[in-house]
Amino acid sequence: MWRPCGTFDDSYKKDIAIIRTPAQWSLTIAAVIFLAFVPSLVSGPVITTINLIALSVISALGLTVLTGLTGQVSLGQGAFMAVGAYTSMLFMNHLNFSFWLALPLGILAAGLAGMVFGLPSLRIKGFYLAMATLAAQFIIPWSIINIRPDLTGGTSSIQIAPAKFFGLTLTTQAHIYYVIMFFTLVVIYLTRNLARSKIGRAFVAIRDNDLAAEIMGVEIYRYKLLSFFICSLYAGLAGCMFALWVGAVSVDFFTLRESIWYLGMIIVGGLGSVPGTVFGVVFIRVLELVVQWLGPLFAAVFPEYIAGAIKNGASHMIFGLAILVFLIFEPLGLAHRWEIFKHFYRRWPFSY
């Protein structure tokens with residue numbers, strides 16, 4: 001690992017530390033202080049966008065664990081988010097649980113659902129596993145719509161009561177921002193540590209060569225299911241945060257399109273990289289907003305029969321084009337560019 005000139009570790013504690021140098025500590029503290037004052041510095045629509053990016057980071061980090069570290073593929077992340085959101089809604093609306101009591105139940109329900117749909121990973125992998133997890137994206141929304149629609153609302157949207165925190169009702173996007181950002185930072189920290197733990201090393205061994213990992217004593221079935229469980233836990237947390245952010249739940253929020261977009265985020269950011277996941281989420285979400293803003297402007301230049309297609313399909317086309325560009329020209333994602341930049345400023349002005 002490249003380190004600034006004159007910086008070295010003289011203890012194991014320093015060697016395994018995430019924040020290593022005084023400069024990094026200063027930047028970290030400054031970043032946390034800045035995040036604390038963001039709601040007072042920007043307008044409401046910007047806060048709404050930041051909340052969407054933050055909860056997307058939580059869900060995408062789940063795929064970083066599953067796909068980036070373990071090498072398993074899932075096309076049902078949106079469905080597992082729905083499990084978390086609807087479970088918390090059911091406990092809140094029908095059993096009068098508070099949001100903070102319903103939150104861990106929603107997370108756990110999503111984790112268990114992920115394990116169930118991850119069972120095929122014990123026998124299959126690759127394209128076949130992708131098809132197996134795709135089943136979750138059809139089975140779970142169908143179940144929500146058709147099994148006890150009197151409880152789930154079927155295809156309708158159901159409002160949930162706003163959460164309360166020490167008597168403060170979280171009704172504004174600024175209030176919700178602090179909740180979402182807190183959980184986002186916790187998940188980033190946990191994922192960064194997970195990648196360096198015994199479990200994370202087992203995940204990477206399975207990703208690189210599951211047969212060799214099994215020969216070395218890694219229980220591949222156990223760790224594959226654990227990877228699905230952790231990925232779905234993150235999805236459940238993101239689903240609960242999404243319900244809190246919107247103030248309602250609906251199956252229209254958790255579609256196959258969202259599951260594919262989350263995969264695209266980790267591809268753009270860089271598979272297996274926590275900073276890359278954050279970069280990928282920010283890139284895709286900002287790109288989506290830019291396309292939504294520029295779409296009508298471009299549509300006005302073309303004839304009417306083409307303008308409608310541009311307005312409706314511009315975001316899908318640009319998203320697909322972005323994925324192709326990164327796969328061809330930067331397959332390691334934005335995380336690779338970030339590493340190159342860090343190597344440059346750490347060595348500067350020296351050439352070695």
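This is a predicted model: local features need pLDDT of at least 70, side-chain atom pairs count only at pLDDT 80 or more; totals for chains, interfaces and linings use all residues.
Colleague: Thanks. Where is Ser-232 found?

Modeller: Ser-232 sits in helix α11, a helix that covers residues 220-246.

Colleague: And which residues does Ser-232 touch, leaving out those up to four places away in sequence?

Modeller: With those sequence neighbours left out, Ser-232 touches Phe-80, Ala-110, Gly-111 and Gly-114.

Colleague: Let's stay with α11 for a bit. At what angle do the axes of α9 and α11 cross?

Modeller: They cross at roughly 110 degrees, and the two axes come within 10 Å. Angles of 65 to 115 degrees count as roughly perpendicular, so α9 is roughly perpendicular to α11.

Colleague: Which residues make that contact?

Modeller: On the α9 side you can look for Lys-198, Ile-199, Ala-202, Phe-203 and Ile-206. On the α11 side the contact is made by Ile-220, Tyr-223, Lys-224, Leu-226, Ser-227 and Ile-230.

Colleague: How many of the residues in the contact of α9 with α11 are nonpolar, polar and charged?

Modeller: The contact of α9 with α11 has eight nonpolar residues, one polar residue and two charged residues.

Colleague: What about Asp-208, buried or exposed?

Modeller: Asp-208 is found in helix α9. Asp-208 is exposed, because its relative accessible area of 55% is over the 50% cut-off.

Colleague: How far apart are the C-alpha atoms of Asp-208 and Thr-70?

Modeller: They are separated by 8.3 Å, while the two residues are 138 residues apart along the chain.

Colleague: Where does Lys-13 lie?

Modeller: Lys-13 lies in helix α1, residues 12-15. With 71% relative accessibility, Lys-13 counts as exposed.

Colleague: New topic: cysteines. How many disulfides does a search of the whole structure find?

Modeller: The search finds zero disulfides. Cys-231 is in no disulfide, and the nearest cysteine sulfur to it, that of Cys-240, is 15 Å away. Cys-240 is likewise in no disulfide, with the sulfur of Cys-231 as its nearest cysteine sulfur.

Colleague: Why does Cys-231 count as buried?

Modeller: Because its relative accessibility is 1%, and anything under 20% is buried. Cys-240 is buried too, with a relative accessible area of 0%.

Colleague: Let me zoom out. How many helices and strands are there in the chain?

Modeller: The chain has 15 helices and four strands. Its radius of gyration is 21 Å, close to the 20 Å that the globule rule gives for 352 residues, so the chain is as compact as a globular protein of that length.

Colleague: What box do the C-alpha atoms fill?

Modeller: Taken along the principal axes, they fill a box of roughly 65 × 55 × 50 Å.

Colleague: And what share of the residues is buried?

Modeller: Buried residues make up 43% of the 352 in the chain. As for contacts between residues at least 6 apart in sequence, 75% join residues at least 24 apart.

Colleague: Back to helix pairs. At what angle do α3 and α12 pack?

Modeller: Helix α3 (residues 44-69) and helix α12 (residues 256-269) pack at about 70 degrees, with axes 9 Å apart. That angle makes α3 roughly perpendicular to α12.

Colleague: Which residues are in contact there?

Modeller: From α3 there are Ser-56, Ser-59, Ala-60, Leu-63, Thr-64 and Thr-67, and from α12 there are Tyr-262, Leu-263 and Ile-266. The contact of α3 with α12 divides into five nonpolar residues, four polar and no charged.

Colleague: Last topic: backbone angles. What is phi of Asn-96?

Modeller: Phi of Asn-96 is near 60 degrees, a positive value in a residue other than glycine. Most residues other than glycine have a negative phi. Asn-96 is in the loop between α4 (77-94) and α5 (99-118), and counts as exposed at 68% relative accessibility.

Colleague: And where does Arg-148 lie?

Modeller: Arg-148 lies in the loop between α6 (127-146) and α7 (149-152). Its phi is positive as well, near 50 degrees, and Arg-148 is partly exposed, with a relative accessible area of 47%.

Definitions and conventions:
Residues are numbered from 1 along each chain as its sequence is written. Side-chain values use heavy atoms; hydrogens and water are left out. Axes are lines fitted to C-alpha atoms, for helices over the stretch in contact, and angles run from 0 to 180 degrees between N-to-C directions. Helices (H or I, at least four residues) and strands (E, at least two) are DSSP runs, numbered from the N terminus. Angles under 35 degrees count as roughly parallel, over 145 as roughly antiparallel, 65 to 115 as roughly perpendicular and the rest as oblique. Contact means heavy atoms within 4.5 Å. Ala, Val, Leu, Ile, Met, Phe, Trp, Tyr, Cys and Pro count as nonpolar, Asp, Glu, Lys and Arg as charged, and the others, Gly among them, as polar. A disulfide is a pair of cysteine sulfur atoms within 2.5 Å. Buried means under 20% relative accessible area, exposed over 50%, partly exposed in between (1.4 Å probe, protein chains only). The radius of gyration is taken over C-alpha atoms; the globule rule is 2.2 Å times the number of residues to the power 0.38.
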